[in-house]
Amino acid sequence: MHARLVAWVFAGPALLVLAVFFALPVAAALLLSLTDFDLYALADPAHLRFVALGNYLDLLRTPLFWKSLGNTFYFVLVGVPVSIALSLAAALLLDSPLARMRAAFRTALFAPVVTTVVAVAVIWRYLFHTSYGLVNWALGHVGIAPVDWLGDPRWAMPTIIAFAAWKNFGYNMVILLAGLQAIPRDLYEAARIDGASRWRQFLHITLPQLGPVLLVVGVITVSGYFQLFAEPYVMTRGDPLQSTVSVLYFMFEEGFRWWNLGRASAIAFVLFVVILAATTLLLRFGRRRGAL
């Protein structure tokens, strides 16, 4: 009994912080999503009405919500594999016996992760500017006509995907590098003795041994990429033709531009359900493949 009391005393402050800064806001947001809380209700609570699932049903009838959901899935389905592939490639290069100055390269490749998203997004917006961007200047020197990277619906989201992959791959690289360094070198020596090529070593040793690490990286990346907001907010403002409006950007517009806070809260919980479903599918897939 005494040990249990001591455990609650130590855990109490942390549980209190979680309750105040997590549980209470989530509960308040859930209640808001069941009301028509807007600017008028903010001025006078008497205008607040309980609409039950009205906000959720209204979202299903809103074309822009489906557009934003499709844009977000496009970003996740393309961006996550690209980001993980870049991370794995960088980790393999740093783990190579031929690599020199590993600490310097690891720091340089990780640097984009700790830079401010808004500041770097502004720089990328100028790099991909149609008239005086460095990218189009370089393409012009090889005879390629300028591309309207952020003004063409066909190129706007791929440009944002490229930026997000560059910005975030260093975080996953560090995790994958730790996983690579934990693989016993005896496995590679035995494979080389048996005449296995580097590609077969990668397929039959590296990938299976990295299974649990790749699963963790996948879950982290998927949950993070579903929360796409800063990149379209700074680089395109959801344009052109709403081709870069994400679910989180749509929620921001509803909540802080039009002050439909009840509707914005409903969007937040729909996004939570989508992320929960996606990560659950990943975890089940990992269990079936023996990654966990």
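This is a predicted model: local features need pLDDT of at least 70, side-chain atom pairs count only at pLDDT 80 or more; totals for chains, interfaces and linings use all residues.

Me: What percentage of the residues in the protein are buried?
Reply: Buried residues make up 37% of the 292 in the protein. Buried means under 20% relative accessible area, exposed means over 50%, and partly exposed is in between, using a 1.4 Å probe and protein chains only.

Me: OK. How many helices and strands are there?
Reply: The secondary structure comes to 14 helices and zero strands. Both are DSSP runs numbered from the N terminus: helices are H or I with at least four residues, strands are E with at least two.

Me: And what does the C-alpha trace span?
Reply: About 80 × 75 × 35 Å along the principal axes.

Me: What share of the contacts join residues at least 24 apart in sequence?
Reply: Among contacts between residues at least 6 apart in sequence, 67% do. Contact here means heavy atoms within 4.5 Å.

Me: On to packing. At what angle do α5 and α8 pack?
Reply: Helix α5 (residues 102-114) and helix α8 (residues 153-181) pack at about 130°, with their axes 6 Å apart. The axes are lines fitted to C-alpha atoms, for helices over the stretch in contact, and angles run from 0 to 180 degrees between N-to-C directions.

Me: What do you call that arrangement of α5 and α8?
Reply: At that angle α5 and α8 are oblique to each other. The cut-offs are under 35 degrees for roughly parallel, over 145 for roughly antiparallel, 65 to 115 for roughly perpendicular, and oblique for the rest.

Me: Is the crossing of α5 and α8 left-handed or right-handed?
Reply: Left-handed. That applies if the near helix is turned anticlockwise from the far one by less than a right angle; clockwise makes a crossing right-handed.

Me: Which residues make the contact between α5 and α8?
Reply: From α5 you have Arg106, Leu109, Phe110, Pro112 and Val113. The α8 side includes Trp166, Phe169, Tyr171 and Met173. By type, the residues of this contact divide into ten nonpolar, two polar and two charged. Nonpolar covers Ala, Val, Leu, Ile, Met, Phe, Trp, Tyr, Cys and Pro; charged is Asp, Glu, Lys and Arg; the others, Gly among them, count as polar.

Me: What about α9 and α10, how do they cross?
Reply: Helix α9 (residues 185-193) and helix α10 (residues 198-209) have axes that come within 11 Å and cross at roughly 165°. That makes α9 and α10 roughly antiparallel, and their crossing is right-handed.

Me: Which residues meet there?
Reply: Leu187, Tyr188, Ala191 and Arg192 in α9 meet Gln201, Ile205, Thr206 and Gln209 in α10. That contact divides into four nonpolar, three polar and one charged.

Me: Switching topic: where is Asn71?
Reply: In helix α4 (residues 63-95). Asn71 counts as buried, at 8% relative accessibility.

Me: Which backbone oxygens lie by the side chain of Asn71?
Reply: The backbone oxygen of Ser243 lies 3.4 Å from a polar atom of the Asn71 side chain, and the one of Val245 lies 3.0 Å from a polar atom of that side chain.

Me: And where is Ser243?
Reply: Ser243 is in the loop between α12 (230-235) and α13 (247-257). Ser243 is buried too, with a relative accessible area of 9%. A polar atom of the Ser243 side chain lies 2.7 Å from the backbone oxygen of Pro240.

Key
Residues are numbered from 1 along each chain as its sequence is written. Side-chain values use heavy atoms; hydrogens and water are left out. A polar contact is a pair of N or O atoms within 3.5 Å; within protein, one must be able to donate a hydrogen and the other to accept it, and residues adjacent in sequence count only if both atoms are side-chain atoms.
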